[in-house]
Amino acid sequence: MSAINPADASDVLSKFKLDQQQTKSGNELGKNEFMELMIAQLKNQNPLEPQDNGEFISQLAQFSSLEEMQGLSGSVDDVANQFRSTQALQASAMVGRSVLAPSSVGILGADGEISGNVEVPASTSGLRISIENPSGERVRQIDMGSQQAGVTGFSWDGKDGNGNSLPPGPYKVVAEASYPEGPEQLGTMMSANVDSVSLGKGGSITLNLAGMGSIALSEVEQIN
């Protein structure tokens, strides 16, 4: 019967782990293999030169650490799964609700109104909201007057300058502020309904908005 000297125990353990990694396509030494190796060491040790207690305790500590790491990994996976489930539940509750998201296109629906926000970077003497149809023609201009810096809400009743109701569909919204150095076009955030929600592999949430396409939940400015 061959003996395993205490001084060589660490080398044997390292070699065994390396062999396992090579034969298991990169997997680490499992707890079952670890225990089998320790039992083999005890069975094959030289009775005249038994394994050093410190070496044995060190290997037990390694085994204990392995058990703890596997338990921690399982706990982290459980928490991650619960988090994803909570995200899915919250996301599903958003279907049918209205959100504000960065866009220059508003959808005129059956209610005959488009609403949104515009962020004014600095006080302006005049803020104008222009509405353009799909052909690029301006069908309405709304004079918002002077505005302080900050977020300003606006709405369009779906009618042209003559009071005629326009057909439903997408309309471009252009916000422009007057400053001493000249007019400045500002970004707009439009209101849209959430048709459906998609969950990505990494837990990311994508909202599919009516007439506006898909956007990440992180891009939403407000949920109504």
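**Ground rules.** I am working from a predicted model, in which local features need pLDDT of at least 70 and side-chain atom pairs count only at pLDDT 80 or more, while totals for chains, interfaces and linings use all residues. Residues are numbered from 1 along each chain as its sequence is written, and side-chain values use heavy atoms, with hydrogens and water left out.

**The largest pocket.** I looked up the largest pocket and found about 240 Å³ of space in it. A pocket here is an open set of points on a 1 Å grid over the protein atoms alone, where a 1.4 Å probe fits, with protein on both sides within 12 Å along at least five of seven lines, and lining residues have an atom within 4 Å of a point. The volume is the space filled by probe spheres set on the points, which are joined across faces, edges and corners. I noted the lining residues, among them Ser98, Gly106, Ile107, Asp111, Ile114, Ser191 and Asn193. Strand E2 (105-108), strand E3 (114-120) and strand E9 (188-199) are the elements that give two or more residues to this lining, and E9 gives the most, with three residues. Strands are DSSP runs of E of at least two residues, helices are runs of H or I of at least four, and both are numbered from the N terminus.

By class, I recorded four nonpolar, six polar and two charged residues in the lining; Ala, Val, Leu, Ile, Met, Phe, Trp, Tyr, Cys and Pro count as nonpolar, Asp, Glu, Lys and Arg as charged, and the others, Gly among them, as polar. The lining draws at least three residues from each of domain 1 (83-102 + 191-223) and domain 2 (105-186), with bounds that come from an automatic or database domain assignment.

**The aromatic pair.** I then searched for rings of Phe, Tyr and Trp (its six-membered ring) with centres within 6.5 Å, where planes under 30 degrees apart count as stacked, over 60 as edge-to-face and the rest as tilted. The count came to one aromatic pair. Trp156 and Tyr171 form this edge-to-face pair, at 5.1 Å centre to centre and 65° between the planes. Trp156 lies in strand E6 (residues 150-156) and Tyr171 in strand E7 (residues 169-178), so the pair ties together parts that are 15 residues apart in sequence. Both Trp156 and Tyr171 are buried (buried means under 20% relative accessible area, exposed over 50%, partly exposed in between, with a 1.4 Å probe and protein chains only).

**Thr124.** I found Thr124 in strand E4 (residues 124-132), where it is buried, with a relative accessible area of 6%. The side chain of Thr124 reaches the backbone oxygen of Ser178 at 2.6 Å, and a polar atom of that side chain lies 3.1 Å from the backbone oxygen of Gly126.

**Two residues of strand E6.** I checked Ser155, which lies in strand E6 and counts as partly exposed at 42% relative accessibility. Between Ser155 and Ile114, 41 residues apart in sequence, the C-alpha to C-alpha distance is 5.6 Å. Val151 also lies in strand E6, and at 52% relative accessibility Val151 counts as exposed.

**Met94.** I located Met94 in the loop between helix H3 (53-92) and strand E1 (98-102), and Met94 counts as buried at 7% relative accessibility.

Methods: A polar contact is a pair of N or O atoms within 3.5 Å; within protein, one must be able to donate a hydrogen and the other to accept it, and residues adjacent in sequence count only if both atoms are side-chain atoms.
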